[in-house]
Every structure is written in structure tokens, then in C-alpha cells.
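Have it open in your viewer while you read.

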Amino acid sequence: NPLEQQLVEIWAQVLQLAPEKIGINDNFFEIGGHSLLATQLVSSIRQNLSLEVSLKTLFEQSTISQLAQSASESSRQEVPPIIPIDRSRAEGLPLSFAQERLWFINQLQPGSANYNLPEVVRITVDIEPEIIEKIINTIIARHENIRSIFPSEKGTARLKILKELKVNLNAIDLSHIKDDVEKHKQAKRHCQIETTKAFNLEVGPLIRTTLIKLAKGDHILIINMHHIINDGWSQSILVKEIDLLLKNDSLNLPNLPVQYVDFSAWQRQLLQQDGIFEKQLDYWKEKLSGAVESLEFKTDFARPKSPVFVGSTEAFKIDRSLTLKLKRLAEQHNCTLYMVLLAIYKTLVNHLTKKEDICIGSPIASRHHREIENLIGLFVNNLALRTKISGNASFTENLQKVKETCLGAFEHQDIPFDKVVNLVVPKRAISFNPLYQIMLVLHNIPYEYGANIKPYPIDRNSSALDQVVEFRETESGLEGIIEYSTALYRPKTVRNITRCFIELSQAIVNNPGLKNSELNLFLGTSKSEDSFLQQKTNSRTNNQQYDKSELISAAFGDEFEEGAL
């Protein structure tokens with residue numbers, strides 16, 4: 001019918017499939033859909049059909065036939081569009097809620113580089129630094145948010161958008177170094193220096209660029225921005241626009257009907273319209289009421305009184321066979337791969353902490369309106385996903401709880417995380433992140449690297465949380481990284497966590513109906529290293545001091561000795 005035909009066109013656009021390859025009985029999540037694309041689909045249905053379909057409805061009725069029936073019964077809504085605001089308004093230009101949060105954090109940690117968000121790519125075309133500088137300045141001219149600075153007025157953040165900003169590219173030539181190993185060692189050292197320089201939010205600019213020449217037609221481009229004007233999705237937009245401008249294809253740059261400040265004004269207006277703000281706050285108040293302040297995860301070192309952001313990473317892989325089984329498990333239970341990974345990690349945390357009430361953080365893109373999909377700006381929000389993992393329930397039963405938690409959080413994602421924290425935990429310790437100390441991320445942002453642009457990996461030496469567990473799907477399976485605080489964990493401990501996660505995943509896909517308590521048999525079975533489960537909890541209190549060797553180990557890992565410093 002006509003509505004089904006319209007939905008086929010929308011699905012085809014979102015999933016990047018030919019319309020003739022989509023049948024009305026195909027399941028959205030079995031033909032490539034995931035949570036991020038589901039959000040885009042709901043947004044596109046709202047914009048094109050003026051129909052309000054919830055994410056929960058999409059998960060429960062995930063074929064076009066089912067969705068058309070549901071949509072035909074829903075009321076048509078006129079969601080107010082995001083429109084340009086008057087830049088000369090007397091009351092000043094608004095910050096978004098997320099920008100307010102980062103500005104406040106910056107006041108507590110002045111001079112910190114913890115919220116730098118660099119993008120480092122390798123460009124394999126013969127190009128002069130002047131051309132790269134021109135490209136970057138063209139992008140800055142397109143996105144006025146990059147030209148923003150945040151002066152303070154009587155202790156309150158103000159937004160000022162500079163009419164013009166021209167950045168000067170810092171050029172470094174390493175082409176004279178003949179040895180490739182030494183050349184990349186020097187390049188990574190420069191990357192580390194450039195990406196860890198702090199920004200001054202009051203005076204700006206909040207973007208810096210460096211081009212490192214490795215050889216003719218081989219460069220490393222570093223673009224470092226403060227998180228207050230940038231997020232992960234924005235990085236993908238940045239790379240795409242650089243690629244188009246390198247090809248001299250500016251005609252294909254998407255039109256920008258609005259700018260970030262227009263979104264900020266719209267966000268504040270919408271959340272106070274028809275009690276949306278209050279309704280969403282009520283959800284979080286009920287969902288997180290009585291949540292435990294800390295998971296009390298076992299650590300190698302006593303937690304410092306004040307946050308320490310020194311960190312490292314541990315990489316691991318889930319092979320293609322196990323990845324396919326995990327995806328099949330998600331399809332069988334009408335949920336996403338992310339929900340399965342989250343449920344497994346919560347199960348692992350349950351076994352390691354002996355706690356049932358588990359809250360893990362999740363970033364969400366918050367780009368559920370078409371007008372803002374091509375903007376560079378800070379849209380991402382953090383969600384606190386709280387689930388009670390029961391020992392007497394099977395994994396599939398706990399997975400359904402995790403799914404319900406995720407869907408509820410997605411439906412109420414507009415409330416900034418700091419406002420949720422202020423509501424739920426008005427008095428909190430500063431030694432750990434409120435509500436959650438672990439975050440789990442599945443990267444599915446639509447990065448479009450060109451033929452001559454590839455990511456250039458750099459070392460991470462900081463961690464904002466105890467653990468940030470990241471997954472990225474590749475042709476050979478899932479690639480995982482745990483970014484962790486070296487003030488809390490030794491590398492060996494984190495390696496054991498990754499091993500336990502893989503063993504647990506295998507046990508679950510083999511028998512998802514096992515009770516949670518029975519899964520304990522599959523943990524810590526490897527003899528290659530001491531089982532993490534058998535490690536003793538560090539019994540020292542926060543009042544006791546580290547000795548010198550412990551501080552060295554915490555900061556640099558086991559492989560460093562005191563003499564190395």
C-alpha cells in the first residue's frame with residue numbers, strides 16, 4: 001500500500017540499500033539496522049511522513065508491514081523544525097546543555113587536556129601545506145560552531161561566535177629521516193605532543209592543526225579540537241568534508257540549513273514544551289532512584305581521593321565465528337548486537353563484584369533530527385543504563401531486562417547527563433564518576449574514509465573512567481579495546497578481564513538458556529595467567545599512601561621499573 005511504499009523508500013535511504021532489495025516482511029535489524037540507524041529511521045519517518053514512531057515500537061514491530069500498521073494508527077504530529085535564530089538577540093546566544101556541562105568541568109579542571117578530541121589521519125596524496133590549510137579554513141567557515149569561544153561573565157558561561165577564524169597550519173617535515181621505524185616513532189611523538197596541549201575556552205581558538213610530512217605524497221594530518229565544539233559523529237563529518245575538498249568536489253558538500261547554536265536554542269525551547277523536560281526527568285528519577293554509588297569493582301590499587309586521569313589501553317579480538325553467533329543471538333531476541341554485548345559485560349561485572357544492581361554508561365549520538373545530521377558540534381549525551389542482573393535468571397531473561405533498559409533510556413535521551421546526576425545524586429564523592437564507572441561503546445558511526453585518507457592510530461595515555469570498553473565491527477570480527485585507569489589496574493588484570501569476557505561470550509552463545517549462576521563455571525578456566533576471579537581485593541583504604549614503586553606501576557604498567565624514570 002502507499003504507506004508501505006513510502007516506508008520502503010525511507011528504509012532504503014537509511015540502510016543504504018536498493019528499494020527493490022527490501023521486502024515488507026524483512027526485519028530491520030536482520031538487514032543491517034542497529035540502534036543508531038533506528039534513531040535515524042524514526043527521525044526520517046517524522047520528517048517525511050509527520051508520524052511519530054517510538055524506538056520501542058520499531059523494536060517490537062520491526063518489519064515494514066508491522067510498522068505501517070502501527071504508523072497508520074498513530075497521530076500525525078507537527079514537530080517544530082530547527083530554524084535559524086536571530087544572532088543579535090539581546091539576551092545572548094545560548095549554549096547547549098552539553099556545552100554547559102563541559103564548560104563547568106573545565107572550571108574545575110582548568111588547563112586540562114582530558115576533553116581534547118583529536119582526529120589523526122594519514123593522507124597519501126602529493127599536497128602542499130597551504131592547500132590543507134585552505135581546506136581546514138573552508139570547513140571552519142562552513143561550521144560556525146568551530147569558531148565559538150566561551151568567555152566567563154560573573155561566573156557564568158557566555159557564547160561568542162567569531163565572525164571569522166583563520167587557523168595557521170603547523171608544518172613538520174620528517175621526510176629527511178631514512179629509517180621508517182624511527183620516522184614513525186618521531187611522528188607519534190609529535191602526535192602525542194599536539195593532541196595533549198590544553199585549550200583556553202575563553203579566548204580560543206578551540207581547534208589546532210598540524211601536518212607532518214613523511215615523504216612525497218605521504219602526510220599525517222592532526223586536527224585537535226576541544227570536545228565542547230566536537231564529538232565522535234562530528235569527526236566523521238570532518239573527515240568526509242576534507243576528502244571532498246581534497247578532490248576539489250565542494251559541490252557535494254551537504255547544505256547546512258541550520259547551525260549548532262540554532263539547535264541549542266531549539267533544544268531549550270522543546271524540552272520545556274508540553275512538559276517534555278519534566279516527563280523525561282521523572283523517568284530518570286524513578287529508574288535511577290536508589291542506585292548504588294559505586295560498583296566496588298576489584299582494583300589493584302586503592303582509589304585516589306581525587307580523580308587521576310592517567311590511563312592505558314588493552315586490545316583484544318572476538319573472532320568472526322563468535323561475532324556471527326553473537327549477532328545471531330541478537331536477531332533471535334529482536335535486539336541489537338550492542339544490547340547483547342552490554343548484557344554479557346553486565347553478567348561479567350555481576351560475577352566479579354557479586355552485585356546484582358549494575359549501572360554502566362553508554363554514549364548516544366542524539367542526532368535524531370535530519371537538520372543536524374551534517375553539523376559539527378557536541379550532540380552526544382551519556383546514558384546511565386541500570387539493570388538488575390539476577391543470578392537465578394537465564395542469560396536470555398537478563399538480556400530482555402537490558403533491552404528494556406536500553407529502549408527506555410533511548411526514549412528519554414534528551415535530558416543532559418549532568419541534570420540527571422544532579423537530580424539523582426545531589427551529594428556525591430569526587431573520587432569516582434557518579435552513577436557509573438564503566439562505559440561500554442559499540443562504534444557504528446558512519447565513517448567514510450576516502451581512498452587517500454586512512455586513520456593513523458595514536459597511543460592513548462588517559463582515561464576519564466575506570467574502564468571504557470569499546471567495540472568496532474570489522475570483516476574479521478569484533479575488535480575490542482579497554483581503556484583503563486592505570487591508577488587502579490595493572491595491565492595483567494585488564495588482560496584477564498578481556499579473557500573472561502571472551503570465555504563468557506562463548507559459553508553464552510553455546511547455551512543462552514543457562515542460569516546466570518551456572519555461567520560462573522565458565523569463568524577463570526584458562527591456566528595461562530592467574531584468574532582474575534582469584535585475585536584478592538585490595539584491602540587498603542583511600543587514606544593509606546602508595547609507595548613509590550606502586551605509583552610507577554600505576555602510571556606506566558608492569559614493564560617499567562623505578563630505574564627507567
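**Notes on helix, rings and cavities**

1. Start with α5. Its buried residues are Phe-97, Ala-98, Gln-99, Arg-101, Leu-102, Trp-103, Ile-105 and Asn-106. Keep in mind that this is a predicted model. The helix covers residues 97-108, 12 residues in total. From the first C-alpha to the last, α5 reaches 17 Å, close to the 16 Å expected at 1.5 Å a residue.

2. Next, the rings. Searching the whole structure turns up 15 aromatic pairs. Phe-28 and Phe-29 make an edge-to-face pair, with 5.2 Å centre to centre and 85 degrees between the planes. Both Phe-28 and Phe-29 are buried.

3. Phe-417 and Tyr-436 are another aromatic pair, this time tilted: the centres are 5.3 Å apart and the planes make 45 degrees. What does this pair tie together? Phe-417 lies in helix α14 (residues 417-424) and Tyr-436 sits in the loop between α14 and β12 (438-443), so the contact links parts that are 19 residues apart in sequence. Phe-417 has 7% relative accessibility, so it counts as buried. Tyr-436 counts as buried too, because its relative accessibility is 2%.

4. Back to Phe-28 and Phe-29 for a moment: together with Trp-11 and Phe-59 they form one aromatic cluster.

5. Lys-188 lies over the face of Tyr-456, at 4.7 Å from the ring centre. Arg-208 does likewise over the face of Phe-199, at 4.1 Å from the ring centre.

6. Which residues line the largest cavity? They are Pro-94, Gln-99, Glu-144, Asn-145, Ser-148, Leu-159, Ile-161, Tyr-260, Val-261 and Ser-264. By type, that lining divides into five nonpolar, four polar and one charged. Helix α9 (residues 260-271) supplies the largest share of the lining, with three residues. Gln-99 brings us back to point 1: this lining residue is also on the buried list for α5.

Methods:
Residues are numbered from 1 along each chain as its sequence is written. This is a predicted model: local features need pLDDT of at least 70, side-chain atom pairs count only at pLDDT 80 or more; totals for chains, interfaces and linings use all residues. Side-chain values use heavy atoms; hydrogens and water are left out. Helices (H or I, at least four residues) and strands (E, at least two) are DSSP runs, numbered from the N terminus. The expected span of a helix is 1.5 Å times one less than its number of residues. Buried means under 20% relative accessible area, exposed over 50%, partly exposed in between (1.4 Å probe, protein chains only). Rings of Phe, Tyr and Trp (its six-membered ring) pair if their centres lie within 6.5 Å; planes under 30 degrees apart count as stacked, over 60 as edge-to-face and the rest as tilted. A charge sits over a ring if NZ of Lys or CZ of Arg is within 6 Å of the ring centre and within 35 degrees of the ring normal. On a 1 Å grid over the protein atoms alone, a cavity is a set of points where a 1.4 Å probe fits but cannot get out, and a pocket is an open set with protein on both sides within 12 Å along at least five of seven lines; lining residues have an atom within 4 Å of a point. Ala, Val, Leu, Ile, Met, Phe, Trp, Tyr, Cys and Pro count as nonpolar, Asp, Glu, Lys and Arg as charged, and the others, Gly among them, as polar.
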